[in-house]
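Here is a friendly walk through one protein model, meant to be read with the structure open beside you. Have a look at it first, and then we can go through some places of interest.

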Amino acid sequence: MSLEKAYLDEFCKKLEEIGWKELKPQSLDNHLIKEIFEKKVEELNKDVLDAYAEQKDKIMNQVYLTIQNADEVKMLDILRFGADIVIKKWNSLIPLNIKLIDYENVRRNKFNYIREQEIKHGNNVDRPDILLFVNGIPLVLIEGKSPIMQSFGEPYYEGLKQIMRYQKEIRSLFKFVQFGVVAADRNPYIPTFPREEIKSPAGYGFWKVNRKESIFDLLKPDRLLDVIRHFIFFTRDKKGERTKIIARYMQYFATKRAMERISKYLENKDNKNQGLIWHWQGSGKTYTMFFIAYQFLLRYNKRNPLVFFVIDRIELEKQLEDVFKSIEHKRVGDVKRIEKIEELKEVIKNADREWGLKITTIQKFQPRELDIKEKVEKKEVLFLIDEAHRSQYGDLAATMRKIFSKAIFIGFTGTPVFVNERNTFKHFAYPPDEIYLDVYFIQQSQEDGFTLPIIFRVIEEKKEKIGGIDILLSEDDIRAILEAYKEDEMEVDSILEGEIARKLKKQLRSKIRKTRIILENEKRIEKVVEYIKENIREDTENFTFKAMIVAANRTACVRYKKIMDKHFPEEFSEVVMSYQQNEKEEIHTFKEKFLKRYNTRDWNEANEKVRENFLKKEYPKVLIVTDMLLTGFDAPILKVMYLDKPIFYHRLLQATARVNRPYPELNKKHGLIVDSVGLLAHIQRTLNIYQYLAEENSEKIREDLKNAFKDSEKELEILKQKIDYLKTKLKDYGIDLEMIAKCLKNNDLSFYEDLKEKISGPNGMAMYFTEKEDVRKMMRFVKEALEIYKSLGAYPKKLDYKWEKDALFVIYNMFLKTVNKGRKKVVGEVWDKLIEQIHRSTVVEELIDKVEKEVKAVKPIKPQIKEAAVTFYEIRNVVMDRLHNPLYREIYERLERLRKMWLERNIGVEEFIKELEKEREEVEKLEKLEQKPGWEKIYKMTSEYLQKNLGERLEIPELKNKLKDIFERNRFLEVDEKEIRLIVAKALLRHKMDPKKRYELETKIVEMIIDEVRRSL
């Protein structure tokens, strides 16, 4: 007995164990076992055939004729829904539907297998090893191969190639057969249909249960019928080429769990109406979404079921529409893209009558455009939300959920987020008891061959080679960015890009700015590029594959390109990044050259050309990016990422996953991440965190996540209390919060100038911010209320306070602008970004753009008084940024005394302005000193401070020489501090003064010198 036959004998025994019965080879009629087929058709359609008993033979002939005329797509439809035929009776045409398979009661069907059944097609005759028949219809072909083969190649792959040959040689069989299976060392399954030519096997997979291969689970009668009924489809591409899709195991089980959640909710067995499907790359989540939608529409077709596919990018909208329209199945209707908010309004208005598939972006759920009081009571509405970790935490998502308050929400993500208000688990699952419906993560994806392992390497610093320049960031630098990341990753991005940001703690902002300077340093970039030059040929396997450099920001991208061009031909690398209206000179100059290279004025178009060239042409071999292409860029040719940007958590996973796409034709074995920042420990920690979360039934997860989710109802109650408090307290300053909220809701800006006077005027609330505790408390409460609103994410009930939130935002924004007036950058810019990031509101944008032009002053302010208020804040805020310097600190103290005198009316407006002008002169004098180069600035500041405190100018040549020495060597040592203290102490001893005062003055001077030295180096 051959090994192959012995293996097939064992395979057949297992088939019998799960419910299949063997039949001997026999004569088939059009590939059907006629006797069994007709008997089962009679049993399954007894009522119809009894009603038309006299036409039984005609009905059967019509069924045979319908089958004979069907192609593979129509045949799949017949298998699922029965054969639609027409008979004549009393000169009338009567439509009938004849079932071939009973999907509701699986036991009513007959399950047989035949070994080596002869199959003819024209002159071709083949004998497949095993055919599985359901009710006499051949549905599965099984090809056996010896698990141990003497030839090269995998035994199972040889079996797949044989199945591909069968599809051409005996094409007519594959109108019926839905997929093939190989019985060998492994048991892959592959979708089948008649083919005109033999192709290499594609689209095959391995069925798994609990991460173990189990082909017999797929072949169980109930599972097989479920797959045929719900999980097989044909698609046609734009060229008209047909492909058959069959569910992978992770798609199947995710769909089953989603449908179980939906069914229990709609049948009032459970009130849970949301769920999270956490599937990594390679899982085919787009088809999973379709499988769920298809079953939902079929199961509830009598209840006008409505499905929304929700995405957050316009380009994904078209892409999703193309995929769904390519599916050759009309029983669920055509997919419709909602292109305008007006169309969405119509769907909402007619929701009770609407049904079918709709595609829309989350951005169309604008609370200002849609009536959030208009609620859809219909429960048979299913939202399938792509990339659920993005764009699902603000007013847009809350509006969607508030209007469709009884709908079902299933989120899909590869990298859930669980930081602050952006918590995918909280918004789509039921933590801590349930954090997802289904998970398919990195390790499973690698096991299945959909993604490749990634190797991580850290650049080793060799000081003697790189001239003492640090390439890797210090652990302290990384820790600071990581801490800031936890608070607000968008703020980190802003600071790394060189923008001002104030939400983070000052110490963190300072450290990140320092890190940005390090990462932008051309000497450091030069050293990283030298490393790349030494290693890239080996890293890319002699340029078989390509590479990507991830730079810290756009400035670093430009500098990387400049330095790469020194070491490689210009076409070797290219930058893909975004551009702004008013760029700094370095980026603007690069942009102009970049656009000229690609003969366009549209940088988006130029970027697209670069992307296409990278994928399809020899050059560029290296892409330089900072944010673009770090998500959604599918490039199998990309193997190496030189990571020179500090990113963490889900963004780190998404970025590194760019290099893990398989490329079998080029035998790509793994991706490579080369870390020049020092993130290796954090990369591993991130992978561990996600892998830990992905482990099912982990009690430790549940314990750790208990404190990660706040009770939304309790948070909403706190928000309400704070708003009620603020309504009362703001009235003490003449501010009517309810009136402002009402105006904002009606897009009425008439309140603005009056509010401006009450906050920013010379007697306004802002003037009392250091004087009165209740003002500080109010602003704390305003900030806390805004943060609570933000933290509630997509919680629909928060929208009851949306306009009060917007009113508080306007008040807080105006208050901050006032107390920060005159700082280096306008705080309004920061809060514009905050609107976009957090509140997703159009209100304040309109205020900022239109209010100065459209609103007339309600109560004119005397120009002198207004000038006094503006001057005060401009001077004060320049000083506030420099309070570390005692010269500025003394000016601040004088300003505070002036402010109190003004508020108490101990001085008039003219004297107030006169004194303010004196302080302005002092500030301008100090600012001129700050323009001096390093050591000279510090020495002159010291002299200025000594003159103010001693009444005469004191020259200290020893201090001047010491400062020169420090700046020449560009390093501050511990011994320098001791020497500076000694020099200052000796100089002050020459003046007769109280020893205690002398020591205090000495301490202040030394602290100022050391602080300024450290800030300047």
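## Lys-986 in helix 38

Lys-986 is part of helix 38, which covers residues 974-989. Helices here are DSSP runs of H or I with at least four residues, strands are E runs of at least two, and both are numbered from the N terminus. Lys-986 is exposed because its relative accessible area is 52%. For this label, exposed means over 50% relative accessible area, buried means under 20%, and partly exposed is in between, with a 1.4 Å probe and protein chains only. Ile-956 is 30 residues away from Lys-986 along the chain, and their C-alpha atoms are separated by 9.7 Å.

Before going further, please keep in mind that this is a predicted model, in which local features need pLDDT of at least 70 and side-chain atom pairs count only at pLDDT 80 or more, while totals for chains, interfaces and linings use all residues. Residues are numbered from 1 along each chain as its sequence is written, and side-chain values use heavy atoms, with hydrogens and water left out.

## The chain as a whole

The protein chain holds 39 helices and 29 strands. Of its 1017 residues, 55% are buried. Contact means heavy atoms within 4.5 Å. Among contacts between residues at least 6 apart in sequence, 73% join residues at least 24 apart.

## Two buried helix residues

Leu-737 lies in helix 27 (residues 737-745) and counts as buried because its relative accessibility is 1%. Leaving aside residues up to four places away in sequence, Leu-737 touches Ile-723, Lys-727, Leu-730, Glu-804, Ala-807, Leu-808 and Ile-811. From Leu-737 to Ile-811 there are 74 residues in sequence, with 9.1 Å between their C-alpha atoms.

Ser-943 belongs to helix 36 (residues 934-950). Its relative accessible area is 4%, so Ser-943 is buried too. With residues up to four places away in sequence not counted, Ser-943 touches Arg-953 and Leu-954.

## Where helices 21 and 22 cross

Helix 21 (residues 585-597) and helix 22 (residues 603-616) have axes that come within 10 Å and cross at roughly 60°. Axes are lines fitted to C-alpha atoms, for helices over the stretch in contact, and angles run from 0 to 180 degrees between N-to-C directions. The crossing of the two helices is left-handed, meaning that the near helix is turned anticlockwise from the far one by less than a right angle.

Which residues of helix 21 and helix 22 meet? Lys-591, Phe-594 and Leu-595 come from helix 21, and Trp-603, Ala-606, Asn-607 and Val-610 from helix 22. The residues of this contact are five nonpolar, one polar and one charged.

## Aromatic rings

The whole structure has 37 aromatic pairs. Rings of Phe, Tyr and Trp (its six-membered ring) pair if their centres lie within 6.5 Å; planes under 30 degrees apart count as stacked, over 60 as edge-to-face and the rest as tilted. Phe-193 and Phe-234 are edge-to-face, because their ring centres are 5.9 Å apart and their planes are at 80°. Phe-193 sits in the loop between strand 10 (189-191) and strand 11 (208-209) and Phe-234 in strand 13 (residues 232-236), so the pair ties together parts 41 residues apart in sequence. Both Phe-193 and Phe-234 are buried.

One aromatic cluster includes Phe-179, Tyr-189, Trp-207 and Phe-233. Arg-80 lies over the face of Phe-233, at 4.8 Å from the ring centre. A charge sits over a ring if NZ of Lys or CZ of Arg is within 6 Å of the ring centre and within 35 degrees of the ring normal. Lys-722 lies over the face of Phe-781, at 3.9 Å from the ring centre.

Key:
Nonpolar A, V, L, I, M, F, W, Y, C, P; charged D, E, K, R; others polar.
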